[in-house]
Amino acid sequence: MYLEHFGMNEWPFRLTPDTSFFFEHAGHHDALNVLLVSLRAGEGFIKIVGEVGTGKTLLCRKLLNILSEDENFVTIYIPNPYLSPAALRLALAEELGMNIPTNYVQHRQLKLITDKLLELSAAGKQVVVCLDEAQAMPEETLEALRLLTNLETEKHKLLQIVLFGQPELDELLDRPSVRQLKQRIVFSHRLAPITSDGMLNYLSHRLLVAGYSGPLLFNKTALSDLHRASRGVPRLINILSHKALMVTYGRGMKVINQDSMRAAINDTEDAGGVPGSKFGSSFYSIAAAVTVALGAGLYYLWGVAH
């Protein structure tokens with residue numbers, strides 16, 4: 001659509017959690033350090049909370065990539081934890097390379113999983129389970145997860161758990177019925193939005209990874225509006241930047257100005273807070289840009305990260 005126009009090799013602001021675009025702004029840098037230090041110390045439960053679009057899944061994928069390069073770790077990723085306790089145990093067993101019949105009772109399932117974890121521990125392996133969208137877990141499944149973390153030797157836990165979730169996860173853990181699990185969370189971290197200065201570095205990093213080598217594509221007023229409208233949320237920054245690039249390309253320009261950015265803001269449901277946005281006919285600039293792109297025979301596929 002606009003890659004050749006701006007001299008890029010790939011889309012800089014796609015929504016899929018591509019770890020090659022991972023940028024350690026202050027929030028993600030601190031969270032990653034907390035995770036790595038805690039896991040290498042053998043702690044049991046760790047919690048990472050962030051609003052929608054703050055990059056929890058990308059952070060999770062980055063952590064898994066780092067741990068996969070360390071032969072001392074065995075990692076398990078469960079992207080959708082809306083599971084029954086039995087389904088959770090079977091999912092863990094499958095990720096550990098086990099084939100447990102579904103008709104086995106809970107005690108038998110736990111015995112086989114424990115034996116496997118002891119085998120891995122004897123080989124010097126630490127097993128880490130990362131659960132994304134943890135706020136969606138049923139209470140009974142959280143309790144089953146807590147029971148799994150009871151598995152331990154005299155010196156360390158056989159299973160370490162990292163919960164990634166939206167702020168609703170904190171509300172879930174505040175319920176009296178899951179207070180025992182909450183007490184076991186040794187470290188926690190809340191992802192913060194990207195600051196104005198951090199956003200500039202974030203944009204520059206993604207453009208560089210995408211192959212862009214020129215001056216920054218955003219003028220000062222466009223940057224100001226982008227940060228205010230996105231509230232520093234990475235997903236919104238990506239959506240607005242992509243749309244602003246579409247408009248700029250459609251108009252045959254090389255730098256995103258305030259008018260192009262406000263057209264992107266007007267076309268985005270969750271963007272706002274910019275004087276003069278959500279009014280007027282700037283929306284049609286997006287439609288015009290799309291028409292130009294499609295007329296050139298190009299197509300863009302958006303992925304969605306949760």
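Visitor: Is cysteine 60 buried or exposed?

Guide: The model is a predicted one, in which local features need pLDDT of at least 70, side-chain atom pairs count only at pLDDT 80 or more, and totals for chains, interfaces and linings use all residues. Residues are numbered from 1 along each chain as its sequence is written, and side-chain values use heavy atoms, with hydrogens and water left out. Buried means under 20% relative accessible area, exposed over 50%, and partly exposed in between, with a 1.4 Å probe and protein chains only. At 0% relative accessibility, cysteine 60 therefore counts as buried.

Visitor: How many disulfides are there?

Guide: A disulfide is a pair of cysteine sulfur atoms within 2.5 Å. For cysteine 60, the closest cysteine sulfur is that of cysteine 130, at 4.4 Å, which is too far for a bond. Cysteine 130 is likewise buried, with 0% relative accessibility. By this rule, the number of disulfides is zero.

Visitor: Which geometry does the pair of tyrosine 2 and phenylalanine 6 have?

Guide: The structure has three aromatic pairs. Rings of Phe, Tyr and Trp (its six-membered ring) pair if their centres lie within 6.5 Å; planes under 30 degrees apart count as stacked, over 60 as edge-to-face and the rest as tilted. The ring centres of tyrosine 2 and phenylalanine 6 are 5.9 Å apart and the planes stand at 75°, so this pair is edge-to-face.

Visitor: Which residues do ring pairs link into a cluster?

Guide: Tyrosine 2 also pairs with tryptophan 11, with centres 5.3 Å apart and planes at 85°, so that pair is edge-to-face. Tyrosine 2 and tryptophan 11 are both buried, and phenylalanine 6 counts as buried at 6% relative accessibility. The cluster linked by ring pairs consists of Tyr2, Phe6 and Trp11.

Visitor: Which helices do the buried residues of α10 pack against?

Guide: Helices (H or I, at least four residues) and strands (E, at least two) are DSSP runs, numbered from the N terminus. Within α10, residues 220-230, the buried positions are Ala222, Leu223, Asp225, Leu226, Ala229 and Ser230. They lie on the same side of α10 because they cover an arc of only 165° around the axis, the arc being that of the directions from the helix axis to the C-beta atoms. With contact taken as heavy atoms within 4.5 Å, these buried residues pack against α9 (196-209), α11 (234-250) and α12 (258-266).
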